[in-house]
Amino acid sequence: MNPFTGHDIDARARRLLRTLISQYLSDGEPVGSRTLAKSSGLEVSPATIRNIMADLEEAGLVASPHTSAGRVPTPRGLRLFVDSLLELKPLPRDEMARLQGGLPPHQTTTRDLLGNVSNLLSAMTRFAGVVTVPRQGDFPLRHIDFVSLPDARVLVILVFSDNQVQNRVVQLARPLDAGELEQAANYLNTQFAGLRLADIRAHLALELREAGGELNRMLASAVELATASFAHDEDADDVLVSGQTNLMGYSELADIDRLRELFDAFQQKRDLLQLMEMCVQAPGVRLFIGEESGFSALDGCSIVTATYGTGGRMLGAIGVIGPTRMAYERVIPVVQATAGLLSDALNRAAATS
């Protein structure tokens, strides 16, 4: 019977596995028993190390490539390493300063900020940086304005708390003059500024039910305009990806068919969005190694994600995608710290809006 069934391995085996994985993550080469004997600090014979490695291999934690006498960790071994053998430390002060310096110092739109974060994650890790873009309706409305257009149409200008401006054209039953549009805008700004679109729609539905047929002309115009303006969120879910070409430099991902499938996933974004949205449902740091993501295009990759938000509300997730042979002890703190800095930036923007 294998002594490591269920990954309940003894201290000596844990030390050897940690040494093997650290060595492999550092140089990418299979690790032999002689190297392990020197690097682990254990006073055991090469034969004993070979026996322990054989047991670890039988447990599915390491594997022997056909071209080498050494061994490499499997995704299962990497998972055990990250979960119980890896000692994570706070990001060094100089790395934290580099992250802080990479974010824009002045207030900007959320989308611009997220694009900056995606580029920063890629630059810091040399992998692909990924950031989900929240729907504009997730941000409170700051101001609304109307501009009359021909044929009873109106240009709706929505300004949100994150400085993003969104324009919509709505069709009304009858044309409204400039005075009516101004009155409607004043009423809606007074009643609904500071609320999210979903909350505004709920308030409008309630007002219509309670008012019945008693709405005066000004209020009726305002409600008609608001109902048309806030009928739905026009922006679709999106994810920003930076540094995809970095992944071409890693031998583990050098297979042309694998790269093509991976780059197709980056371009289509559907699977990436699904994975990242799943991460938003479980706040904090998440790690997927190899097949754990559930998407075949990402089988040869590891994905580290962390959630971000404002006012205690999760808005999305950021992350990096790289080969399974990544420096987890560095990448995980980088992603975690970046998510914290992004949330801080969004909270500052909300406080000044």
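## Cysteines

C301 is buried, with a relative accessibility of 1%. In this predicted model, the sulfur of C301 has its closest cysteine sulfur in C279, 14 Å away, which is too far for a bond. C279 is likewise the residue whose closest cysteine sulfur belongs to C301, and the 14 Å between them rules out a bond. The relative accessible area of C279 is 1%, so C279 counts as buried. Across the whole structure, the search finds zero disulfides.

## The five-stranded sheet

C301 also has a place in strand pairing, where it stands opposite P323 in β10. Strands β9 and β10 are joined in the antiparallel sense over ten bridges. They belong to an open sheet of five strands, ordered β7-β3-β10-β9-β8, with antiparallel pairing. The edges of this sheet are β7 and β8; each has a single partner strand, so one side of each lacks a neighbour in the sheet. On average, neighbouring strands are turned by 20° against each other, direction ignored.

Two helices pack on this sheet. Helix α6 touches β3, β7, β9 and β10, and its direction makes about 160° with that of β3. Helix α12 touches β8, β9 and β10, with its direction at about 20° to that of β9.

## Helix α6

Helix α6 covers residues 110–125. At 1.5 Å a residue its 16 residues should span 22 Å, and the end C-alpha atoms are 23 Å apart, which agrees with that expectation. Just after the helix, R126 adopts a positive phi of about 65°.

The buried residues of α6 are T110, L113, L114, G115, V117, S118, L120, L121, S122, M124 and T125. Their cover includes the helices α5 (93–102) and α12 (328–352). Strands β3 (128–133), β7 (238–242), β9 (301–310) and β10 (313–323) are also included in that cover.

## The three-stranded sheet

A second open sheet has three strands in the order β4-β5-β6, and its pairing is antiparallel. Its edge strands are β4 (141–149) and β6 (165–171), each of which pairs on one side only. From one strand to the next, the twist averages 20°.

Strand β5 (residues 153–160) pairs with β4 in the antiparallel sense over eight bridges. H143 stands opposite V159 in β5. Helix α7 (residues 178–192) lies across β4 and β5, and runs at about 170° to β4.

Helix α1 (residues 11–27) and helix α3 (residues 46–58) have axes that come within 10 Å and cross at roughly 85°. The two helices are therefore roughly perpendicular to each other. On the α1 side the contact is made by R12, A13, L16, L17 and L20, and on the α3 side by T48, I49, I52, M53 and L56.

Helix α2 (residues 33–40) also packs with α3, at an angle of about 105° and with the axes 9 Å apart. That angle makes α2 roughly perpendicular to α3. Here S33, L36 and A37 of α2 meet P46, I49, R50 and M53 of α3.

## Helix α4

Helix α4 spans residues 75–85, and its buried residues are G77, L78, R79, L80, F81, V82 and L85. What covers them includes the helices α1 and α12 together with strands β2 (72–73) and β8 (285–289).

## T324 and T352

T324 sits in the loop between β10 and α12. Its relative accessibility is 16%, so T324 counts as buried. Leaving out residues up to four places away in sequence, T324 touches L25, L78, I289, G290, G300, C301 and S302. One of these, L78, is among the buried residues of α4, and another, C301, is buried at 1% relative accessibility.

T352 lies in helix α12. With a relative accessibility of 55%, T352 counts as exposed. The C-alpha atom of T352 is separated by 18 Å from that of I144, a residue 208 residues apart from it along the chain.

Notes. Residues numbered from 1 in each chain as written. Predicted model: local features only at pLDDT ≥ 70, side-chain atom pairs only at ≥ 80, totals over all residues. Heavy atoms only, no water. Helix = DSSP H or I, 4+ residues; strand = E, 2+ residues; numbered from the N terminus. Expected span 1.5 Å × (residues − 1). Buried < 20%, exposed > 50% of the residue type's maximum accessible area, 1.4 Å probe, protein only. Contact = heavy atoms within 4.5 Å. Pairing = 2+ DSSP bridges. Axes fitted to C-alpha atoms, helices over the stretch in contact; angles between N-to-C directions. Disulfide = S-S within 2.5 Å. Parallel < 35°, antiparallel > 145°, perpendicular 65-115°, else oblique.
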